Amino acid sequence: MNLTIRWQSAQPVQDALAKQRSLTADESKALADASQKDYIITVVGFRAPNRRSRNGDIDSSDSNDQDRDRDTKASNDALRSRFIDAARLVPKGKSPIYAEDVQFEGPNGASEMRFLFPRSKEISADDKEVVFSFESQGIKFEHKFRLSDMNYQGKLAL
């Protein structure tokens, strides 16, 4: 699996996404509002494990849209409860910061996951680096963010 892990609450990332028109005006405003409260780390390209039917076959039912929407919501709720405790930010030399929420975009689970970490746990340039770590049921990945590389317009952009 090829993943892109980005610090989405950082202002230059928000600006780039707006410039690409990857976000609608409403999505941009919601992201900006959420970024005031949380550090947001986005994982792009993640493919959730396939859902299986009762007999073990991959579920590709011919159900109607309402059934699919209900199944997708149930699948996302199950992933959310499983993944919310699987992600953490670890500033160098400090205690981990655990996600307070995880949001999914994409079909059947998550081609994009947004992890929200409370800004009440402050990260400063003195921390030098922060590791985003994810581990759940045999799936593990991490990414190190060097804070010296994350300055924007003279200040740390998280």
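The model is predicted: local features need pLDDT of at least 70, side-chain atom pairs count only at pLDDT 80 or more, and totals for chains, interfaces and linings use all residues. Residues are numbered from 1 along each chain as its sequence is written, and side-chain values use heavy atoms, with hydrogens and water left out. The protein chain holds three helices and 10 strands (DSSP runs numbered from the N terminus; helices are H or I of at least four residues, strands E of at least two). Of its 158 residues, 35% count as buried (buried is under 20% relative accessible area, exposed over 50%, partly exposed in between, with a 1.4 Å probe and protein chains only).

**Overall fold**

- Along the sequence, the elements of the protein chain follow the pattern β-α-α-β-α-β-β-β-β-β-β-β-β.
- Among contacts between residues at least 6 apart in sequence, 61% join residues at least 24 apart (contact means heavy atoms within 4.5 Å).
- The protein chain exposes about 9,900 Å², of which carbon and sulfur atoms supply 44% (accessible areas come from the Shrake-Rupley method with a 1.4 Å probe; for residues, only the protein chains shown count as cover).

**Strands and sheet**

- An open sheet of four strands has the order β4-β3-β7-β8, and its pairing is antiparallel (two strands pair if DSSP finds at least two bridges between them).
- β4 (97–98) and β8 stand at the edges of this sheet with a single partner strand each, so one side of each is left without a neighbour in the sheet.
- β3 and β4 run antiparallel and are joined by two bridges; the bridge partner of R88 in β4 is Y98.
- β1 pairs with β2 in the antiparallel sense over four bridges, and W7 stands opposite I41 in β2.

**Nonpolar core**

- The largest nonpolar core has 30 residues, and those with the most contacts inside it are W7, L89, M113, F115, F117, I123 and F132 (such a core is a set of buried Ala, Val, Leu, Ile, Met, Phe, Trp, Tyr and Cys residues joined through side-chain atoms within 4.5 Å).
- At least two residues of this core come from each of β1 (4–7), β2 (38–44), α3 (65–83), β3 (87–91), β5 (101–105), β6 (112–118), β7 (129–136) and β8 (139–146).
- With its neighbours within four places in sequence left aside, L89 is in contact with residues including W7, Y39, I41, F117, I123 and F132.

**Aromatic pairs**

- A search of the whole structure finds 12 aromatic pairs (rings of Phe, Tyr and Trp, the last by its six-membered ring, pair if their centres lie within 6.5 Å; planes under 30 degrees apart count as stacked, over 60 as edge-to-face and the rest as tilted).
- W7 and F145 form an edge-to-face pair, 5.0 Å centre to centre with 85° between the planes.
- This pair links distant parts of the chain, as W7 is in strand β1 and F145 in strand β8, 138 residues apart; both W7 and F145 are buried.
- F83 and F104 form a tilted pair, 6.4 Å centre to centre with 55° between the planes.
- Here F83 in helix α3 is linked to F104 in strand β5, 21 residues apart.
- F83 counts as buried at 0% relative accessibility, and F104 counts as buried at 14%.
- Ring pairs link F46, F83, F104, F115, F117, F132, F134 and F141 into a cluster.

- D127 lies in the loop between β6 and β7 and is buried, with a relative accessible area of 6%.
- The side chain of D127 reaches the backbone nitrogen of S124 at 2.9 Å.
- Leaving aside neighbours within four places in sequence, D127 is in contact with P91, K92, K94, E122 and L147.
- Q14 is found in helix α1 (residues 11–20) and is buried, with a relative accessible area of 9%.
- A polar atom of the Q14 side chain lies 2.8 Å from the backbone oxygen of S9.
- Beyond its neighbours within four places in sequence, Q14 is in contact with Q8, S9, L31, A32 and S35.
- Q14 and S28 are 14 residues apart in sequence and 7.5 Å apart in space, C-alpha to C-alpha.

Terms used: Polar contact = N/O pair within 3.5 Å; in protein donor to acceptor, adjacent residues only side chain to side chain.
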